[in-house]
Amino acid sequence: MHCEKYIAGKCRSCQWLALTPEQQITQKQQQLQALLPTIDPAIFSAPVTGPQTGFRNKAKMVVSGSVERPILGIIGKDGVGVDLTDCPLYPASFSAIFSVLTPFIARAGLTPYNIERKRGELKYLLLTQSWHTGRFMLRFVLRSEKKLTQLKNALPWLQEQLPQLEVITANIQPVHMAILEGEEEIFLTEQHTLREEFNQVPLFIRPQGFFQTNPIVAAKLYQTAREWVNGLKINSLWDLFCGVGGFGLHCATKETRLTGIEISAPAIASAQQSANELGLQYVEFKALDSTHFATATQELPQLILVNPPRRGIGKVLCDYLSHMRPEYILYSSCNAHTMVQDLQLLSGYEVCQVQLFDLFPHTAHFEVLTLLKQKNH
């Protein structure tokens with residue numbers, strides 16, 4: 001991938017850009033296998049890859065510069081804004097949005113926030129696109145509600161210019177720290193969710209909710225989980241740390257008893273919306289802490305699916321699973337190091353399938369899907 005900002009040393013977010021795609025995936029696979037030295041190499045499936053450019057469905061743009069000449073991108077090492085509106089990771093459809101947002105910032109009088117002076121209002125622009133519908137969610141991250149009326153008054157012009165904006169919100173983030181968003185979300189449109197669809201499974205993206213940023217490879221990840229689980233002939237499963245329900249909804253059939261657990265109530269609302277649309281009767285989603293839910297429950301399903309944050313599932317849940325011993329555990333991880341730590345704590349299980357998914361080209365990061373079964377099962 002050719003990137004002028006990388007060559008000029010202005011943006012090094014893609015740390016591995018000097019490597020070819022083939023070198024990148026080879027190194028990632030070698031890293032994964034080195035973390036699991038006791039696993040038979042034959043158990044590792046071939047890595048799953050996707051496009052090297054234009055694959056992201058989300059842009060997180062720091063807003064700097066002046067209200068007349070805003071800069072959308074990042075803050076460089078010298079404290080000066082770097083324009084990333086032409087970043088090759090974004091699809092071409094993002095350019096049309098950025099080109100209108102720049103004059104809109106001036107029209108609405110949204111002064112970019114200056115970190116050194118602690119002045120200004122507009123901190124970030126967060127843009128997400130549904131690859132199924134082509135529609136967008138746009139979020140303005142503001143320091144306060146001071147400019148909210150101005151934003152609302154200018155909004156009809158923006159919506160006229162960009163009818164593809166389906167969900168628009170203002171997020172209030174008052175803290176003088178590098179925190180992306182605050183707790184308060186103010187909807188500026190009647191529509192509150194952005195519809196996505198992977199493998200005929202509807203998914204609903206909400207502000208502040210986690211959603212994979214590489215939809216092409218994410219769809220392959222979910223489909224692989226579905227195929228692995230379908231091969232086990234199970235009829236009950238838990239989806240812990242389920243987010244908007246992508247894994248569980250892919251793996252459940254009309255007869256499957258599925259319980260999905262996620263701490264975020266809005267994510268649970270999205271998951272339930274998807275289940276209702278799919279007509280899944282034996283499915284329930286609950287807004288609870290996954291570890292607390294699991295450890296307080298005595299009746300286990302045949303399979304437990306976990307998709308934890310980077311910290312992993314932790315000792316308490318590993319000890320519980322080792323003691324209760326469901327037949328299968330399907331572990332999806334964005335941090336292979338913590339996954340391996342968890343696998344070492346999961347006694348009585350053996351790895352029967354592992355596959356790497358390159359959701360983050362040009363970086364050292366990757367997703368890995370691992371299927372565990374009870375020994376002698």
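**Cysteines, loops and a helix in a predicted model**

Reader: Let me start with Cys318: buried or exposed?
Author: Cys318 counts as buried, because its relative accessibility is 0%. Please bear in mind that this is a predicted model.

Reader: How many disulfides does a search of the whole structure find?
Author: The search finds zero disulfides.

Reader: Changing topic, where is Gln173?
Author: Gln173 sits in the loop that links strand 6 and strand 7.

Reader: Is its side chain buried or exposed there?
Author: Gln173 is buried, since its relative accessible area is 1%.

Reader: What does the side chain of Gln173 reach?
Author: It reaches the backbone oxygen of Ile179, at 2.9 Å. Beyond four places in sequence, the contacts of Gln173 include Lys123, Val141, Leu142 and Arg143, and also Leu180, Glu181 and Gly182.

Reader: Where does Ile179 itself lie?
Author: Ile179 is in the loop between strand 6 (165-172) and strand 7 (184-187). With a relative accessibility of 34%, Ile179 counts as partly exposed.

Reader: Which residues form the nonpolar patch on the surface?
Author: Val175, Met177 and Ile179 form it, and together they have about 250 Å² of accessible area.

Reader: On to Lys28. Where does it lie, and is it buried or exposed?
Author: Lys28 belongs to helix 2 (residues 21-35). Lys28 is buried, because its relative accessible area is 0%.

Reader: What is Lys28 in contact with, leaving aside neighbours within four places in sequence?
Author: Its contacts are Trp16, Leu356, Asp358, Phe360, Pro361, Thr363, Ala364, His365 and Phe366.

Reader: How far apart in space are Lys28 and Ser130?
Author: They are 28 Å apart, C-alpha to C-alpha, with a separation of 102 residues in sequence.

Reader: Which residues of helix 10 are buried?
Author: In helix 10 (residues 336-345), the buried residues are Ala336, Thr338, Met339, Val340, Asp342 and Leu343. These buried residues pack against helix 2, helix 9 (314-324), strand 14 (328-333), strand 15 (349-357) and strand 16 (367-374).

Reader: What does Asn335 do at the start of helix 10?
Author: A side-chain oxygen of Asn335 comes within 3.1 Å of the backbone nitrogen of His337.

Reader: Now the backbone: what is phi of Phe241?
Author: Phi of Phe241 is near 55 degrees, a positive value in a residue other than glycine. Most residues other than glycine have a negative phi.

Reader: Where is Phe241 found?
Author: In the loop between strand 10 (236-240) and helix 6 (246-251). Phe241 counts as buried, because its relative accessibility is 13%.

Reader: And what is phi of Arg325?
Author: Phi of Arg325 is likewise positive, near 55 degrees. Arg325 lies in the loop between helix 9 and strand 14, and it counts as partly exposed at 33% relative accessibility.

Reader: Finally, what is Asn307 in contact with, leaving aside neighbours within four places in sequence?
Author: Asn307 contacts Phe241, along with Leu240, Phe247, Ser332 and Glu367. Asn307 is in the loop between strand 13 (303-306) and helix 9, and it is buried, with 14% relative accessibility.

Key. Residues are numbered from 1 along each chain as its sequence is written. This is a predicted model: local features need pLDDT of at least 70, side-chain atom pairs count only at pLDDT 80 or more; totals for chains, interfaces and linings use all residues. Side-chain values use heavy atoms; hydrogens and water are left out. Patches are made of residues with over 30% relative accessible area and no salt bridge: like charges are joined within 9 Å, nonpolar side chains (Val, Leu, Ile, Met, Phe, Trp, Tyr) within 5 Å. Accessible areas come from the Shrake-Rupley method with a 1.4 Å probe; for residues, only the protein chains shown count as cover. A salt bridge is a side-chain nitrogen of Lys or Arg within 4 Å of a carboxyl oxygen of Asp or Glu. Helices (H or I, at least four residues) and strands (E, at least two) are DSSP runs, numbered from the N terminus. Buried means under 20% relative accessible area, exposed over 50%, partly exposed in between (1.4 Å probe, protein chains only). A polar contact is a pair of N or O atoms within 3.5 Å; within protein, one must be able to donate a hydrogen and the other to accept it, and residues adjacent in sequence count only if both atoms are side-chain atoms. Contact means heavy atoms within 4.5 Å. A disulfide is a pair of cysteine sulfur atoms within 2.5 Å.
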